[in-house]
Amino acid sequence: MVWGALAAEVTAAPHEESQHPPLPVDPALSLGDVLSHALSRYPAAGELAARTDEVDAWQSRSASALANRPALSFRYQTDRWGDDAGLREYEGGVELPLWRWGERRAARSYAGAMAVEAGAAAHGLRWQVAGLLRTAVWNVAEAERHLVTAVSAYDVAGRLAASVARRHELGDVSLGDVLLARSAHLQAETELLDVRASLLDAQRSYRALTELEARPVIEAEAQSAVAAIVSTHPALALVEAQLAGARARQTLVREGTGGSPTLLIGPRWERPALGSGYDDSIGVTLTVPLAGTSHSRTELAASGREVAAAVARRDQLRRMLTLDLHEAEHGLEVARENLQTATERADLARRHARMGRRAYDQGEMDLMDLLKVEEAAMAAQWQAARLDIEVGRQIAMYNQAVGEMP
């Protein structure tokens, strides 16, 4: 079902356009197109590029032959301020940090886990923005439908006020009826202005999210066939990727807590005391850090806490998604059942209003009773229209809960 055609016409009031231009409908614009546009301008989208850069950095690091940055070293020794017997020593070299056994493999695994997490983050952000977009679109649809009902109520009240005024001129009704009908017309106008303001708020929220000056045709989505929270759910896949990344980092920390061995290679020039020339040589030095349990435990404990936190986030998210799905199922079921009842009630209320107008014209009903009947009819029509919108909204929320994208 498609909404908004009539609402698009009634929202284009001349006194509104100067300050608040209407939100036109673009039939060529799909909800998926709007989602892609909104996602590209969503503030958190900048983090996705940063994640990609971080993945590239770790892949480059894990592919390097060295575990860390190399360093230059230089040493000079002399006895000039001592015996001053002519001792001179110059020693330079390059320090090369080496991978520990298994550390490079752990770094590659961590880089791979980060790549998976980056992909899941992009998909998860799209799902998050899809939820915001669905809410914004259906808020617009509800406000537009409410405006249609409010305009109808305003027109009915206006026609009734004009009819009562003519009958008063003919002497059929009292001045009190004229004032009462006019008051009802003013009340309908006040409600119409409030509904217009609500529509402008909904349109403003849509514009702020999408940065577009048009909206797609709003129609009910096809309900997803998925009936449970599966592992491929965008939000769940992201926290699973984060958990895998935390475990990969824990392995990397475990492999690297002993420190990196270093290989020092460099020349040496030395002249012994009372010597006449320099002796040249090349030296190789291997430094292997000793294990220190008290130092490595802090890093391991921190990485273990990150893993525990990731497990907690996954379990909490699974519970929340399951609850959201249950609420979406229940909300959709209730909306569908209530829509059928509200539609029948609105039809009866319309018939009752027609009968009331005829009875008032024939002098069989006073104006106060007629206004109550008209008010009940309009309320029933709005309730049916609201539930019609609510069914579409709840289908969208159901699809959102199971991770279905527009």
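**Side-chain contacts and solvent exposure in the predicted model**

Ile282 is exposed, its relative accessible area being 67%. The structure described here is a predicted model. Ile282 belongs to strand β6, which covers residues 279-287. Together with Ile265 and Val284, Ile282 makes a nonpolar surface patch of about 310 Å².

Two aromatic pairs are present in the structure. One of them is formed by Trp58 and Tyr110 in an edge-to-face arrangement, with 4.9 Å from centre to centre and 90° between the planes. This pair links distant parts of the chain, since Trp58 is in helix α4 (residues 45-63) and Tyr110 is in helix α5 (residues 103-169), 52 residues apart. Trp58 is buried at a relative accessible area of 14%, and Tyr110 is likewise buried at 9%. The rings of Tyr76 and Tyr90 also pair, with centres 4.9 Å apart and planes at 35°, and the pair is therefore tilted. Because Tyr76 lies in strand β2 (residues 71-78) and Tyr90 in strand β3 (residues 88-97), the pair ties together parts that are 14 residues apart in sequence. Both tyrosines are partly exposed: the relative accessible area is 35% for Tyr76 and 27% for Tyr90.

The count of salt bridges comes to 19. Among them is the bridge between the side chains of Arg41 and Glu211, at 3.6 Å from N to O. Arg41 is situated in the loop between α3 (31-40) and α4, and Glu211 in the loop between α6 and β4, so this pair ties together parts that are 170 residues apart in sequence. Arg41 is partly exposed, at 41% relative accessibility. The loop that holds Glu211 runs between α6 (175-210) and β4 (218-219). The backbone of Glu211 has a phi near 55°, a positive value in a residue other than glycine. Most residues other than glycine have a negative phi.

A further salt bridge joins the side chains of Glu142 and Arg393, with an N to O distance of 2.2 Å. Since Glu142 lies in helix α5 and Arg393 in helix α9, the pair ties together parts that are 251 residues apart in sequence. Glu142 is partly exposed at 23% relative accessibility, whereas Arg393 is buried at 12%. Arg393 also meets Glu390 in a salt bridge of 3.2 Å, N to O. These two residues both lie in helix α9, three residues apart, about one turn of the helix, and both are buried. Elsewhere, salt bridges that share partners join Arg75, Glu89, Glu91, Arg268 and Glu270 into one network.

Glu390 additionally takes part in a polar contact of 2.7 Å with the side chain of Gln394. Gln394 lies in helix α9, which spans residues 367-401, and counts as buried at 13% relative accessibility. With residues up to four places away in sequence left out, Gln394 touches Ala328, Gly331, Leu332 and Ala335.

Val148 is another residue of helix α5. At 19% relative accessibility, Val148 counts as buried, because the class is set at under 20%. Val148 and Ala376 are 228 residues apart in sequence, and their C-alpha atoms are 17 Å apart in space.

Note on methods
Residues are numbered from 1 along each chain as its sequence is written. This is a predicted model: local features need pLDDT of at least 70, side-chain atom pairs count only at pLDDT 80 or more; totals for chains, interfaces and linings use all residues. Side-chain values use heavy atoms; hydrogens and water are left out. Patches are made of residues with over 30% relative accessible area and no salt bridge: like charges are joined within 9 Å, nonpolar side chains (Val, Leu, Ile, Met, Phe, Trp, Tyr) within 5 Å. Accessible areas come from the Shrake-Rupley method with a 1.4 Å probe; for residues, only the protein chains shown count as cover. A salt bridge is a side-chain nitrogen of Lys or Arg within 4 Å of a carboxyl oxygen of Asp or Glu. Helices (H or I, at least four residues) and strands (E, at least two) are DSSP runs, numbered from the N terminus. Buried means under 20% relative accessible area, exposed over 50%, partly exposed in between (1.4 Å probe, protein chains only). Rings of Phe, Tyr and Trp (its six-membered ring) pair if their centres lie within 6.5 Å; planes under 30 degrees apart count as stacked, over 60 as edge-to-face and the rest as tilted. A polar contact is a pair of N or O atoms within 3.5 Å; within protein, one must be able to donate a hydrogen and the other to accept it, and residues adjacent in sequence count only if both atoms are side-chain atoms. Contact means heavy atoms within 4.5 Å.
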